[in-house]
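User: I would like to learn how to read the contacts between chains in a model. Please begin with the general idea and then turn to the case shown here.

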Amino acid sequence: MNPASSTRGTVKERADIALNDDFLRNAVRFTTDRLRSGKKVASTEHGNWEEWRERGRQIRLHTIAHLDYYLNLFVENARSQGVHVHFADNAVEATDIVMTIARHKEAQSVIKSKSMVSEEVHINQALELSGIEAIESDLGEYIIQLAGEGPSHIVIPAIHKNRYQIAELLSEDAGETLEPDTTILAGYVRRKLRQKFLEADIGMTGCNFAIAETGSMVLFENEGNARMVTTVPKTQITLMGMERIVPSWADLEVMATLLPRSATGQRLTMYMSGISGPKRTTDADGPEEMHIIIVDNGRSQQLGDPEFQELLNCIRCGACLNVCPVYRQIGGHSYGGTYSGPIGAVLTPALNKNVAEWDDIASASSLCGACYEACPVKIPLHDMLVSLRRRKVERGHGDKLEAIGMKGFATLMANSKRFALAMRLGKIAQKPLVHNKGITLKLGPLKGWNTYRVAPILADHSFRDQWKELSAETTAQPTTIDPAVQKRMEQVLADRQKGKHTSRTGGVSHE
Amino acid sequence: MVRLLAAHGIQLDFPPVQTCCGQPSYNSGYWDETRTAARTILKAFQSSDFVVSPSGSCTYMIHHYPELFKDEPEYLTLAHELESKTYEFTQFLVKVLGITDIGAAFPYKVTYHPSCHGSRLLGIKDEPIALLNHVQGLELVPLPFAEDCCGFGGTFAVKMADISGAMVNEKVDHIKETEAEVLVGLDMACLMNIAGNLRHRGEQVRVMHLAELLYEGVNIR
Amino acid sequence: MNNKDTSHDPSFSTKPLVVPNPESSHLTPDHEQTISSQSDWLYELEQKSKAKQQTFMNHIADRLQRPRIQEAPLHPFRGAPEVWQDFNWDEAEKIEKFTKHFTEVGGNVLRMQTLEEAGAFIAEQSCLLNARYIVRQQLPETEALTLEQRLPNVQISAWNSNPEEAWKARAAEADIGIVLADGAAAYTGTVMVTSSASQGRSVSLLPTVCIVLLPIERLRTRLGELLIPWDQKGKEQLPAGIHFISGPSRSSDIENELTIGVHGPGIVYTLLIG
């Protein structure tokens, strides 16, 4: 079902709902804390994490930079394995191909394992409209499907639901009352879906990685439902984002090291499956017919764009969600699209050409850089958010008042004398607002700030005003510099000449 | 900061033509306006060997200058130079001057909030801790979820006020958990944000910039 | 059907090249001619797809502002960092670490001297679980367990490609599934199982309990040691399904609470043989 309601309104409006939902916020906090600390433990245990991150980044960069070669190689090799490969420029084409296959197979039901791309193209809606049952088999996805909602987290889609809500949903589905006990609820879903797996006409999957050199697709999961979907039904359809390629199985080792540790803190997911074509003639299980639909849907737009090409590095681990201080407060639905969190904030506007509709998402960030620090393939999401903001302004979609404000800012900052004068005037202007050395007025632009804080006042003597005296004071009786310190400074200058020194003492850089 | 460095024989100069590093307009996507402000910075420090700033985010902003001025060759050269010679205060003290013990005494319970730009993007992690560890009598208590953003983010605090408010509320909740008397940090923007919320909630925690704390600590002796 | 000879390759098994069936549209170079009229629509889609392929790839090259690349580019960062290749544990440590990692996530690991011992253990478990149905891969190793003799009252099926049997249903009904691992990695606590005529994917997936027989000499240190050979074997040699199993099926989707045995087996044993 397409959760159309979650895309209505602005990000602020959706966020407001989330901010008032205590259960949601606690659930998000609990989940992200657990996953975040899991990642820390797993990445520390592995060791040399920064080296592996850089490796992952290089492999992805290389693959994307040569995507025409590797994707083509994958297609040729997949075909030689017996796979039917199709290409979809956009969501409509992808759905058309699926429907064509479903029609020819006279399918009555499609059972799905987790696929973000399938949500992106709204395949469930299309299937339902044609009277074909589309069943999600991932436990979390099954729950939100019953609820008619979209995922609120890339890896754990139903964290916004508590056990009572889940029990209610599943009880209704079961036609009997189920206790709000995890084992009982999961047991019910296992039994119910077992039957569905065995009866379904088509199994539909996403694709974590596609190995170019052998035409194999790889799935990572913990429940076993993706294995079921690719083993039991007679026909398999896989939806694959065009950028999901890695060159070789050797490269897969790097991804298999980065992805589970970053996503959930596991050394490896319980199941990792490499599927190379439909069943062999003498196999007694596995699909007889296998289709892979390669989906563009805005991805190729990022190629050749120096500010966004790296976005295609993403391996959909969700680590950025787990560290984002904004996501922590507002949860996944506030982002309005298929993808949430920092990656969603960039991916949704980037994939959609309708920039004006989606780019307020880019404002919902304090640009703290935690996402970049957490990303196993080092995507500079914090920089991409600024790029989105800049493009919005350049295309004339910027907020008019803000634009005027910025022009004023520039005029002021162009000239230091003007700036100093403005500060002096400001000190006078603020007088009626100052109360007990602070400003608490909740009016206009101050409303947002002062709802949660007391605003500071401009100092009586600004630094500029003090400078003359301060300078005189410090030069009056100068302390002699320690010769060791002097030497260090001279060494720095010398290194700089040779180009050896950098003022960045560390930190994550991505030049 | 000026006095602290003077006490170690470093005379700071303050070129008055500088106005603002331009971060607010840069982050909101107004890059032309940013360049206007940035040019004052580039002009101000042309002849300096070392440029020190009491703000990690301003220092980091300067690393964006080469990108901003890629189409203006003269300013581009200045930008590269400035990038290589600008330091955040604790970076300068510890990495350039090699000073970790500034000779301060500050017998209070203190907790430290590492500002985002400084810690993540400039790599300032050890320097402030080294300085704090050498302050006599200071009890440094770790801040839970210290690395989480305080919610300022410049115009974010105004544009997305409720989200920002929720973030600073949580930051102050964690500060309260430490039962510290003083919150110390490296960036006035963060500190102002947190202080504003502390005041709003009637909390007595004192908010200080590390330079302030060290200076007071030196004068206590 | 084909009894695999596993004696010469300790790392893992090779599959015989499958003889193509004219009715299926894969693994024959001229498969387009052999598709029956029933699959005309597939053929049509195929033609469309091949045409579109060129446009698709050309578009990528256009976006990247350069001509199409036809030759394999230099890939200097292929695979894991070089130093990683030197990371190797000795047998004792491999066994210890594999056991630790597999059991940490809820799996069980036991050492058996021989397949006979394993057979006895499985028979014991079967009685404890009141199992009525066991499905096993049809391999010499699983034969050697002599379960048919040990458990005369239990229905035991040896997976094969006899079309008369509804194999998936068999496996779905089974209480215990027994498979032979083609390899394992201690670092991640993972066993590798591949598919073939005598090795159904369902055997390690559908039953409630999964028992994996792992000859110790097949236990490696790094996951890469299991992956890289697939690059080297060549794509024609790949089985349809290569499955890496690192523990029992699990989910934390409900309030972050861990539950075991969601779709796949909830109880997994790896028996280290030798």
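Analyst: Two residues are in contact if their C-beta atoms, placed from the backbone, lie within 7 Å. In this predicted model, local features need pLDDT of at least 70 and side-chain atom pairs count only at pLDDT 80 or more, while totals for chains, interfaces and linings use all residues. Residues are numbered from 1 along each chain as its sequence is written, and chains are lettered from A and ligands numbered from 1 in the order in which they are written. Here, 81 residues of chain C are in contact with 85 residues of chain A.

User: Which element gives the most to the side of chain C that touches chain A?

Analyst: Elements are DSSP runs numbered from the N terminus: helices (H or I, at least four residues) and strands (E, at least two). On the side of chain C that touches chain A, α2(C) gives the most, with 13 residues. Elements that each supply at least two residues there include α2 (40–63) and β9 (241–245) of chain C.

User: How do strands of chains A and C pair?

Analyst: Two strands pair if DSSP finds at least two bridges between them. Strand β9 (residues 271–275) of chain A runs antiparallel to β9(C), and five bridges join them. Within β9(C), C:His243 is the bridge partner of A:Ser273.

User: What share of the 274 residues in chain C is buried?

Analyst: A residue is buried if 20 or more other C-beta atoms lie within 10 Å of its own, with C-beta atoms placed from the backbone. In chain C, 45% of the 274 residues are buried. Chain C contains eight helices and 12 strands.

Technical notes
Buried ≥ 20, exposed ≤ 12 C-beta atoms within 10 Å, placed from the backbone.
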